[in-house]
Amino acid sequence: MHIIETGNVAAALGVKLAGVQVVAAYPITPQTPLTEKLSELIEAGEMDARYVPVESEHSALAVCIGASSAGARSFTATSANGLLYMHEQVHWAAGARLPIVMCVANRAVGAPWNIWNDHQDSISQRDTGWIQIYSCDHQQIIDDTLKAFRLAETTSIPVMVCYDGYLLSHTYMPFEVPEQEKVEQFLPPFHPSYALDPSSPANLNTVTLPEIRTDVHGEMAHGYMEIRYLLQEDLRKAVQVVEEIDAAFQEIFGRGGAPLVEPYRCDDAEYVVVGMGSLTYQLWDVIETLRTEGHKIGVLGVRLYRPFPDAAVAAALRGARGVFVMEKALSYGYEGALCSDLKSALYDHIPDKSRAPFVKGLVAGIGGREIRTADLTDTLRSGLVGSIPEPGWIGIQL
Amino acid sequence: MSALIDEQRIESPPESDYKLPRINPHKTSEIVPWLRTPKTIWCPGCSNGTITRALIDAILGLELDAEKVVIVAGIGCSGRIAQYLEYSTVHAAHGRALAVATGVKVADPSLRVVVAMGDGDCSAIGGNHFIHAARRNIDLTALIFNNSIYGMTGGQMSPTTHTGDKSTTSVHGNVEAAFDLSELAHAAGATFVARGTAWAYRQLVSVIAGGIAHKGFAAVEAMAACPVYYGRFNLTADPAEFLKGQKEHAVPASKFEEGESRLHEQYPVGLLHHGERAEFVTSLARVREEAQEALRG
């Protein structure tokens with residue numbers, strides 16, 4: 001069934017279809033309408049779940065950690081400083097290998113206060129061990145949310161589904177709501193690899209020493225370093241799992257096909273613009289204009305950010321003379337995190353450095369600064385002749 | 001009843017003839033210079049403007065040196081006060097206002113620090129700071145705009161939303177119990193606790209002024225009208241009716257019977273608790289002096 005609704009409602013419907021059992025959340029703009037919708041669905045009996053209106057985001061994720069440890073499919077959502085306040089538990093959920101799914105309606109972080117869209121909140125959680133997916137429109141939000149549960153439960157790694165605050169969270173778009181029966185075919189009920197069970201007691205997440213040692217049964221057990229290595233190894237393997245799950249989804253629902261990166265007119269492109277989230281689709285319009293002017297330019301949307309699909313990114317950029325990475329976040333003190341990651345991928349995957357493209361990092365839309373299509377077009381037009389005005393922050397007025 | 005177990009909880013009773021400061025409201029022309037903007041984002045019928053004015057009235061009435069006044073605000077509708085007042089203000093992260101204010105006060109004890117918070121900011125995400133500031137008895141004035149709901153994010157239930165109340169996250173009625181913030185402050189060790197309403201303006205100015213003048217942790221609960229969310233969902237969407245409700249629900253503390261529990265429709269207003277106990281910043285200075293004296297031998 002096709003409906004016209006907001007991005008937050010798309011996420012909520014995805015959560016409902018996934019049969020989530022525990023929701024814990026705290027209000028924060030622009031995420032709030034998502035969890036309000038879930039609260040409404042649960043109270044109306046349309047969702048068989050428990051909703052906990054906790055006292056802070058830190059508690060929200062802690063409740064999900066408890067619920068997931070007890071074997072329940074668990075969900076939370078947040079934005080900006082709410083995500084930052086969760087940070088300790090964000091690391092914890094990944095280290096504990098709990099398949100929690102969280103939606104992040106991306107918003108700038110304080111100080112100073114700002115409630116509008118950029119990606120600094122989720123980018124700053126890059127190193128926590130969560131899988132991060134960036135949705136570009138409402139269809140992707142609902143589909144990615146469903147896929148996220150299967151992905152999290154297959155890999156025992158929590159998943160963040162990130163979408164742009166306001167630009168997607170509050171705007172209305174038509175999208176198809178998958179049928180419940182098909183969702184059940186795609187996403188079987190959650191059978192945790194381990195759940196708290198009084199008949200088989202265990203101690204979860206207790207202190208591990210720097211060196212490996214025997215456990216209470218006298219058997220050699222993994223130490224902290226081994227446990228953390230396995231998280232890293234499983235995250236790297238998750239790139240392939242993302243592709244497999246997308247293929248399974250496509251078979252049932254007929255949508256998908258570009259779960260790692262989404263190239264647009266990249267085949268013959270001499271120049272490629274790389275971005276994440278809704279900006280990607282805005283860039284499609286921009287390069288159409290530039291194409292009519294005779295420039296061979298394409299767009300590469302990065303859909304999976306962690307684990308980083310380095311091989312797919314490098315493959316999509318092979319043959320390009322120049323790459324522009326346009327980001328709504330920064331690793332302060334250096335450059336955009338995506339830009340660094342992309343350069344690293346090129347270094348690893350293009351052995352002949354004389355054939356590697358130049359990479360130019362650009363910053364746009366920080367704190368919700370309007371990203372005008374005309375500005376993007378002008379910037380890229382300048383970029384094609386190597387003359388983008390410094391500092392490469394589109395729309396900045398100093 | 002105090003929840004402190006240390007011997008320090010023994011408070012000296014206040015002077016028997018203690019009365020809250022009586023302040024004659026100032027003219028609008030005297031209030032306006034302390035506002036940076038004639039416009040706010042507060043909804044029509046919201047009483048945050050009334051409480052903000054009462055705060056200015058109290059500061060003027062106490063004749064405080066404006067250069068020594070610092071307002072620390074948290075997040076939520078009330079947090080906007082940090083942008084509206086022509087005093088030194090700090091807008092803190094959600095729930096962190098009291099912790100930031102603690103830093104301000106210990107760095108310069110001569111500052112008069114008022115901490116503006118909403119009920120959610122104060123008792124949910126910042127609840128821990130609230131009980132610990134009270135336990136420490138640090139010389140701060142917590143001015144709590146209590147509208148019984150999260151207004152800024154669109155009407156979700158907060159820790160002061162009563163059982164059975166409706167909100168966007170308790171569409172069919174809240175199952176949780178509500179905090180009585182004044183009782184919570186008292187139990188946690190606040191040495192000045194008072195409550196006012198947006199309806200009774202002079203009393204509101206008086207309890208705020210009493211809190212600022214008090215040496216120690218003062219919790220001043222200002223019952224706010226939120227006709228747009230709390231009122232529309234539970235009482236009335238009419239601002240005047242909402243205020244009339246406050247008039248009916250508020251009972252002077254002296255007439256509020258001992259042991260009577262605070263109900264949704266009945267709560268004591270005015271000075272609720274007043275005592276003297278060692279103040280945190282002063283105690284810190286004293287301990288340092290004693291330690292240095294001991295080292296000098």
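1. A:Ala111 lies in the loop of chain A between strand 5 (101–106) and helix 5 (120–123). Helices (H or I, at least four residues) and strands (E, at least two) are DSSP runs, numbered from the N terminus. The peptide bond that leads from A:Gly110 into A:Ala111 is cis, with omega near 5 degrees.

2. On the basis of the note: this is a predicted model, in which local features need pLDDT of at least 70 and side-chain atom pairs count only at pLDDT 80 or more, while totals for chains, interfaces and linings use all residues. Residues are numbered from 1 along each chain as its sequence is written, chains are lettered from A and ligands numbered from 1 in the order in which they are written, and side-chain values use heavy atoms, with hydrogens and water left out.

3. A cis peptide bond also joins A:Arg306 to A:Pro307, with omega near -5 degrees. A:Pro307 belongs to the loop between strand 14 (304–306) and helix 10 (310–317) of chain A. As background, most residues other than glycine have a negative phi, and most peptide bonds are trans.

4. A:Ala80, which is not a glycine, has a positive phi of about 40 degrees. A:Ala80 is part of helix 4 (residues 80–95) of chain A, and it is buried, with a relative accessible area of 0%. Buried means under 20% relative accessible area, exposed over 50%, and partly exposed in between (1.4 Å probe, protein chains only). A:Arg97 has a positive phi near 60 degrees and is found in the loop between helix 4 and strand 5 of chain A.

5. A:Asp310 is in helix 10 of chain A. The residue is buried, with a relative accessible area of 18%. Apart from neighbours within four places in sequence, A:Asp310 is in contact (heavy atoms within 4.5 Å) with A:Arg236, A:Ala345 and A:His349.

6. Strand 12 (residues 271–275) of chain A is mostly covered, 5 of its 5 residues being buried. A:Tyr271, A:Val273 and A:Gly275 point one way from the strand, A:Val272 and A:Val274 point the other way, and all are buried. In a regular strand the side chains alternate between the two faces of the sheet.

7. Two strands pair if DSSP finds at least two bridges between them. Strand 12 of chain A runs parallel to strand 13 (residues 297–302) of chain A, with 5 bridges joining them, and parallel to strand 15 (residues 322–327) of chain A, with 4 bridges. The bridge partner of A:Val272 is A:Gly298 in strand 13 and A:Val323 in strand 15. Strand 12, helix 9 (residues 278–292) and strand 13 of chain A make a right-handed β-α-β unit: with the strands pointing away from the viewer, the path from the first strand over the helix to the second runs clockwise.

8. The contact between the chains takes 17 residues from chain A and 20 residues from chain B. The area buried between chain A and chain B is about 1400 Å², of which carbon and sulfur atoms give 57%; buried area is the accessible area (1.4 Å probe) that two parts lose on being put together, summed over both. A:Tyr26, A:Glu43 and A:Trp113 supply 37% of the area that chain A buries against chain B, more than any other three residues.
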